[in-house]
Amino acid sequence: MKWIYDLSLNELKNEIKALGLRDFMVVQVFQWIYQKNCRDIKLWSNISKYNRELFIKKYNITLNRLINKEEDREGTKKFLIELEDKNKIESVLIKEKNYYTFCISSQVGCAIKCAFCATGKMGFIRNLSSGEILSQILILKKEIDDYKGKINIVFMGMGEPLLNYENLKKALSIITSEKGAKIPSNNITVSTAGVLKYIKQIEMDFPNIKISFSLNASDNKAREQLMPISKMENLSDILDHFKNHKRKHRITFEYVLIKNINDSIEDAKKVSQLLRGILCKINLIPYNENTNIDFKTPSKKNIEAFKEYLCLNGYTVVLRWSKGKDIKSACGQLATQTKDI
Ligand code: SF4
């Protein structure tokens with residue numbers, strides 16, 4: 001039996017034709033699943049009982065299993081989800097003032113191994129299928145069932161989304177489609193440690209999706225220590241691309257501030273020079289301490305001084321104290337199993 005969430009609209013259309021069903025039924029099924037988030041087929045009132053029963057014999061419409069949910073004092077919720085093969089992933093629902101943000105995982109573990117990240121310590125286990133990406137979104141949507149307002153989706157959970165590009169692309173096509181989940185591309189951010197080939201690809205495939213780049217250091221050498229991907233993907237190539245490629249949205253640079261590693265005024269000066277000429281915004285994220293990693297959060301004084309230096313030099317800077325720290329759902333804290341710590 002095929003899992004419906006792994007099928008694109010066209011793939012399902014082709015299959016349904018082979019079953020002798022009319023292809024408009026695919027749009028109806030997509031609307032029940034992705035827009036109404038309804039898996040009780042008795043309620044699929046615009047599809048005949050006969051067709052519904054035929055359909056359900058061929059396709060599995062069950063979501064991945066939610067096995068745990070934790071909530072912090074501010075309403076941030078972390079979801080532990082079990083996949084078919086018993087691997088586990090985490091997704092985070094963040095309640096903002098006027099909207100919700102879904103933080104979605106793209107891989108089980110991560111191959112990038114950033115020194116400050118709990119997911120990186122798990123190592124890479126496998127890519128998520130497009131259905132496993134979509135399933136997270138539907139599980140989180142279920143949680144805010146009656147809510148009809150704005151939802152932002154950020155691919156900042158476990159994994160490097162651009163290293164799972166084909167499945168990410170398939171999921172994004174359904175998320176943004178008028179026939180699928182109908183979430184505007186402008187509300188979606190893909191965060192990357194920097195895989196230039198796929199940065200270029202996603203800019204071509206989804207020009208309205210926002211890109212967020214994890215900078216975290218003031219030059220390539222220092223970045224190599226924190227993010228080994230910098231040994232293969234040189235910072236200057238990526239920044240040159242950001243400087244020269246015209247896009248609709250500003251690039252967001254994420255900078256995790258770590259005590260005595262990258263939080264000095266000297267670093268702020270270098271970051272300011274590095275990003276000169278790029279239409280951007282900088283998110284400063286004070287490091288979220290993790291028992292298994294020996295980095296510390298900088299002092300408030302250093303954080304403010306770093307921010308002030310960049311602001312005075314004309315940058316838009318947002319200081320983001322991560323939500324969900326007490327349930328280990330803040331930036332860099334997601335991990336469902338540890339391999340080598
Ligand atoms: S920060 Fe992102 S890219 Fe780096 S190890 Fe963690 S999940 Fe992977």
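**Reading the model**

Author: Gly157 is buried, with a relative accessible area of 14%. Buried means under 20% relative accessible area, exposed over 50%, and partly exposed in between (1.4 Å probe, protein chains only). The model is predicted: local features need pLDDT of at least 70, side-chain atom pairs count only at pLDDT 80 or more, and totals for chains, interfaces and linings use all residues. Residues are numbered from 1 along each chain as its sequence is written, and side-chain values use heavy atoms, with hydrogens and water left out.

Reader: Where is Gly157 found?

Author: Helices (H or I, at least four residues) and strands (E, at least two) are DSSP runs, numbered from the N terminus. Gly157 is in the loop between β9 (151–155) and α6 (165–176). Its C-alpha is 25 Å from that of Lys36, and the two residues are 121 apart in sequence.

Reader: How many disulfides does a search of the whole structure find?

Author: A disulfide is a covalent bond between the sulfur atoms of two cysteines. The rule applied here asks for a pair of cysteine sulfur atoms within 2.5 Å. The search finds 0. Take Cys280: the closest cysteine sulfur, in Cys311, is 12 Å from its own, which is too far for a bond. Cys280 is buried, at 7% relative accessibility.

Reader: How many aromatic pairs are there?

Author: Rings of Phe, Tyr and Trp (its six-membered ring) pair if their centres lie within 6.5 Å; planes under 30 degrees apart count as stacked, over 60 as edge-to-face and the rest as tilted. The count is 12. One of them joins Tyr5 and Tyr34, edge-to-face, with 6.1 Å between centres and 80° between planes. Tyr5 lies in the loop between β1 (2–3) and α1 (9–18), and Tyr34 in helix α2 (residues 24–35), so the pair ties together parts that are 29 residues apart in sequence. Trp3, Tyr5, Phe30 and Tyr34 form one aromatic cluster.

Reader: Which charged end sits over the ring of Tyr99?

Author: A charge sits over a ring if NZ of Lys or CZ of Arg is within 6 Å of the ring centre and within 35 degrees of the ring normal. For Tyr99 it is Lys150, 5.0 Å from the ring centre. Lys300 lies over the face of Trp321, at 5.6 Å from the ring centre.

Reader: How many bridges join strand β3 to strand β4?

Author: Two strands pair if DSSP finds at least two bridges between them. Here 6 bridges join β3 (residues 65–71) to β4 (residues 77–82), and the strands run antiparallel. Lys69 has Phe79 in β4 as its bridge partner. The hairpin has 5 residues between the strands, and Gly75 takes a positive phi near 95° there.

Reader: Which residues are around the ligand?

Author: A residue is near a molecule if one of its heavy atoms lies within 4 Å of it. The residues around the ligand include Cys110, Lys113, Cys114 and Gly159. Cys114 is buried, at a relative accessible area of 11%.

Reader: Is Lys86 buried or exposed?

Author: Lys86 is exposed, at 54% relative accessibility. This residue lies in the loop between β4 and β5 (88–95), and its phi is near 80°, a positive value in a residue other than glycine.
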